[in-house]
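Here is a short briefing on how two protein chains meet. Look at the sequence and the structure first, then read the points below.

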Amino acid sequence: MNFSEVFKHTNQLCRVSPDGKYLATCVQYRLVVRDVSSLQILHLYTCLDQVTCMEWSSDSQFILCAMYKRALVQVWSLEQPDWHCKIDEGSAGLVSSRWSPDGRHILNTTEFHLRVTVWSLCSKSVSYIKYPKACQKGLDFSRDGRYVALAERRDCKDHVSVFVCDDWQLLRHFETDTQDLAGVEWSPNGCVLAVWDTCLEYRVLLYSLDGRLLSTYSAYEWCLGIKSIAWSASSQFLAIGSYDEKVRILNHITWKKLIEFEHPATVSNSKAVVYKEMERRHVGGCDDLTLHHQITLGGSLFNTQSKYEICPLPVQIPVVKPDSDRANPKVGISSMAFSVDSRYLATKNDNMPSCVWVWDIQRLRLLAVLEQTAPVRCFQWDPRRPRLALCTGSSKLYIWSPAGCISVPVPVEGEGSVGVFPICHQQEVCTPTVLVPLWALCTTLLA
Amino acid sequence: MAESSLESSNMSCNSSRLMYPSRNHTHSSMPLSKQSYSVLSAFCSEGNITQCISYINQEMSSLGFPALCNELDSGGDLKAVSVLNNMYELLQLHRRSLRALEELETEQLKSASHLEHLKLCNSRLKEQLEQSRRESTGLCERERQLQMKVKSLQNCLKNEKEEVQKLQNIISSRASQYNHDMKRKEREFSKLKERLNQLLIDKKDKRLAIEVLNYVGRSDGKRSLWKTGKTEARNEGEMYQTLLNDYESRQKELLVENAELKKVLQQMKKEMVSILSPRKHSQKGETIDDSLELPGSENEEEVCDSSRETLELSCEHAREQLTNSIRQQWRRLKNHMEKLDNQASLVQNGSLGDNEVISRKSHEETVEKLKLEIQQCKDFIQTQQQLWQQQLSCPCDDETAALLNDCYMLEEKERLKEEWKLFDEQKKNFEKERRNFTEAAIRLGHERKAFEEDRAMWLKHQFLNMTPFLDRNKSQSALKSPEASEVTVAPESQYHNAFSTPKAAPAKIPSTADLYRTLRLLPDHGSPRSQPKNGNWQDSDVILSRDVSAKSGFLGAADCSIYSLVGTESSPN
């Protein structure tokens, strides 16, 4: 595995362009655009304030930099570096800012979710959308970029509006049967919209594109409900992760439960493989352990070698019991992801923060459990083949594939930690590269 | 007195009866009250008065009464007083005993009645006891039941408590979630109020605006359209189109799946039919159900007419028929298999025909053969493994281990070593020759100098000694010798050329290529023999010899020094 050299960025703002050619990073108020293969700086832009959010447009021509504190959005062009665009929300404030799928409109959510303003870069039109809902995921674009679903709250009732992204016309507006809508998500084929309720009610409603209610699913009552949902890439399965540490999968034909995956504390399933990360700390022999020396050596001193070992079943998974008095307890399935061929599903149970569970969807059973030494921060599937990359905040990158599991140390100086970001999605890229940017390096590094 | 006498006679009768049981027993049957004299006379008669008297005396004295009469006084004179007294005493005694008897009788009656009473009481009490026992068992039973009930109720209570606890937990978690959300909303609300206040106070509202240098075109190149009814309709249309496409694709997929499954079912049915039909003909002794015949024939027809089926199977009726027929076939197959199993078990008892027996036997034989083969293979693998293990673990000393490590390359290594040796030798030789060359060059230089000096002197001499005739001869010889000298110079110059570099830069060793080229080892001028100059014969000599040695393997072991070369200048090949 080849690693590029280390370069800094703040706030985890580091994105590869959708066409896979450029890499944009933000350092404080500067935006740096580099070429992906050579990492040469191509453009350098200066924004008016520290950038809080950065996003590429879908055609990789423009970059949006949002500064929430100043309620400003600046847009930069790659083709014409002189081109500039500044959107000022003024006293309305700015809470979130994003591109529309066509790459020519910017949707700004004002403070207190008073409204969503749609600014156009190609015409003088401005559209306003009232009463957007402030929830976990109130706005979702369909994958082909033609429609956008927006959750609204009017008269203490939840509604969903479907707009056509071409001309921002309202296509459908319907009330949903939820108590307190928590999120909306389109299926990858763009024909079904999944709407789920707050965690106090376990309810998932499936609406067709034209607003008809196709089906409702509710697994149980009273206990805390849905924590996360994920569609499979073929739109065949809808995985629902809930607070009772189970994942339920619905099939797209009958919208009934296909199977229920449990995450028990003792893994005794005979076909599953448990990979456990074993660390071997070796201290670099160093006579002169002055502070300076320590820090410059930094990496070699604290570098730990780690490898995976296969544990014989049954295996006890370490469980962290959450505080029962607090809201949003750290229990339940918080993140799930299907592999690109819909064959595998990776899940993470917040109760067992250092484990990632991989399920085989073809055979509907547990395939592997990866137990790390530190809590898992995030994981991503390779967009081309069934390969899972995950990171725990240590200086290593872990990769699982059906053939096995490896841990790759990332050459990091000092105590950097690793985060994994989504790989570029374009089909032209033949060798997908996993982007492993480093979080802000330890600030006590002395010169 | 008569009564008393009667009584006394009775008594004496009794006593006599006792004493003399051999006396007339007929007397004993008569009641006492009806005793007559005749009885008395039995005891005491005229003859035995004294005996009687003595006897009675004895009895009386034994009873504690005074003696009846003096003994042996003239043959039985009884003292009337003592007799009367004794009689009186006896009567008293008798009365007393009667009274006692009466009392005893009354007592006895009393106790009998008492006993009866007690018995009654006892039986009553026993009954009561039984009853109470029964009651108590009944009560015990009830108690047990009630205890069970209590236990179950306690369990229920526990469960209910647990549920209540769970619900309470849920409620509390929901409450905390609500509180959390409420707080969040409140905070937002307060922020909103603040902002509103701020805005009211501020009044100068920053206009929201967008500053764009120039508007960009749309990514797909089209121009944006106005919102009209037509566009709305178009959007609707597109939406429905998308949905329809999705449904169509799904339906196609499902159709394809359906067709495949139907094909599989058909195949299965055909195979089942084929399995079952030949069997049916071979079983002669079996009773074939008529009901089975008909579907069988039907099935054959169905099997043959597949084209009709593909059309028919699209409708539900035909589908049902297909599934039913498959189920039927499956049942037949199952029955058949069961029959086969039975037959197989019967075969073990040797009660059926030859066909199955042979087939089973052959089957078993083949199985045995295969097992043997497997065993052999396993053994083979085992031995291989052992040998392998041995090989791996055997080399205990380093040398053999080192040897065995690369045993495949051993031969080549040896060859390589030899070649290296050769190479080293040749290198050494080459170095030596080079050194010799340099020495020779230096020597040559010296010699040349000397020669030049000689020449100069000789020329001088010539010059000084020049005469016409002598001159001619001398000139001829001088011509010759200069020729010779030229000739000799030429190769020398050749050598000089060759060694110009060491002359110019003595430290610099000529490169091997240069050396070879000058020595005409490198074929840049064609074959070494085509050298016009005479002096080069020597070179060719050297070259040839060198070539030969090169052929044998680099610079040969022949130690040809230039010195010897220079010496043999007149020997052409």
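In this predicted model, 13 residue pairs are in polar contact between chain B and chain A, counting pairs with both residues at pLDDT 80 or more. Three elements of chain B, namely helix 5 (80-202), strand 1 (209-212) and helix 6 (229-282), each supply at least two residues of the side that touches chain A. Helix 6 of chain B gives the most to that side, with 14 residues.

**Make-up of the chain B side**
- By class, the side of chain B that touches chain A has 16 nonpolar residues.
- Charged residues number 15 on this side, and polar residues number ten.

**Extent of the contact**
- Chain A brings 53 residues to the contact, and chain B brings 41.
- About 4600 Å² is buried between chain B and chain A.
- Carbon and sulfur atoms give 53% of that buried area.
- The size of an interface is often expressed as the accessible area lost when the parts come together.

**Salt bridges**
- Three salt bridges are found across the interface of chain B and chain A.
- In one salt bridge, the side chain of Glu111(A) meets that of Arg195(B), at 2.6 Å from N to O.

**Strand pairing between the chains**
- Strand 8 of chain A (residues 84-88) pairs with strand 1 of chain B.
- The pairing is antiparallel and runs over four bridges.
- Which residue of strand 1 of chain B does Cys85(A) stand opposite? Cys85(A) faces Val212(B) there.
- Strand 1 of chain B is also among the elements that supply at least two residues of the side touching chain A.

Notes
Residues numbered from 1 in each chain as written. Chains lettered and ligands numbered in written order. Predicted model: local features only at pLDDT ≥ 70, side-chain atom pairs only at ≥ 80, totals over all residues. Heavy atoms only, no water. Contact = heavy atoms within 4.5 Å. Buried area = accessible area lost by both parts, 1.4 Å probe. Salt bridge = Lys/Arg side-chain N within 4 Å of Asp/Glu carboxyl O. Polar contact = N/O pair within 3.5 Å; in protein donor to acceptor, adjacent residues only side chain to side chain. Nonpolar A, V, L, I, M, F, W, Y, C, P; charged D, E, K, R; others polar. Pairing = 2+ DSSP bridges.
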